[in-house]
Amino acid sequence: MKLITHYLFSIGVMFFSVSLFLNVNPFTLLLVLSVFSVAGNVLIDRLGHEVRGGYIRRTPRTHTLGRSVFWGILPAIPLILYAYLFNSYIALVIFLSCVLIGPLHIFLDSLTERGIYVRSGGRWRRFSLASFRYNNPVINGWFCLIGVLLLYVSLVKFF
């Protein structure tokens, strides 16, 4: 999927999940979650792609379910530790929402023709739920719309 799709979808899902548990300033929360979504998704894609034979391809370095969780949450660790000093509940909620970044990224990439990596028989094998092209406008638009709708539903709750 395109990076903008990863950003909007994960921001929408994260904001919706956090809005169920926290009643804080929604604009500050949206800003914080947006920064972490962008940072986590960029980290996953930048560290997990390599050029071979003139083509960009995904690698198991970041495009596995377990490893994506680590890379998705890594940018948020300093804020989580800082928030823990003042309120452990807020730190826990931010931590749990940032844990979603990696699996959401992997879910969206598993819908593309190149898929993600799973361990099978001691080797990394590609796995794909569907065979959409990464730049398919319908699928990218659909998941962008889902993210924006989740964001809208969450913001309506605050007001």
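Tutor: Buried means under 20% relative accessible area, exposed over 50%, and partly exposed in between, with a 1.4 Å probe and protein chains only. The model is predicted, so local features need pLDDT of at least 70, side-chain atom pairs count only at pLDDT 80 or more, and totals for chains, interfaces and linings use all residues. Residues are numbered from 1 along each chain as its sequence is written, and side-chain values use heavy atoms, with hydrogens and water left out.

Student: What makes Phe 143 buried or exposed?

Tutor: Its relative accessibility is 9%, so Phe 143 counts as buried.

Student: Why is the pair of Phe 107 and Phe 143 called edge-to-face?

Tutor: Rings of Phe, Tyr and Trp (its six-membered ring) pair if their centres lie within 6.5 Å; planes under 30 degrees apart count as stacked, over 60 as edge-to-face and the rest as tilted. Phe 107 and Phe 143 are 5.9 Å centre to centre with 75° between the planes.

Student: Why is α1 called oblique to α6?

Tutor: Helix α1 (residues 3-19) and helix α6 (residues 101-110) pack at about 135°, with axes 10 Å apart. That makes α1 oblique to α6, because angles under 35 degrees count as roughly parallel, over 145 as roughly antiparallel, 65 to 115 as roughly perpendicular and the rest as oblique.

Methods: Axes are lines fitted to C-alpha atoms, for helices over the stretch in contact, and angles run from 0 to 180 degrees between N-to-C directions. Helices (H or I, at least four residues) and strands (E, at least two) are DSSP runs, numbered from the N terminus.
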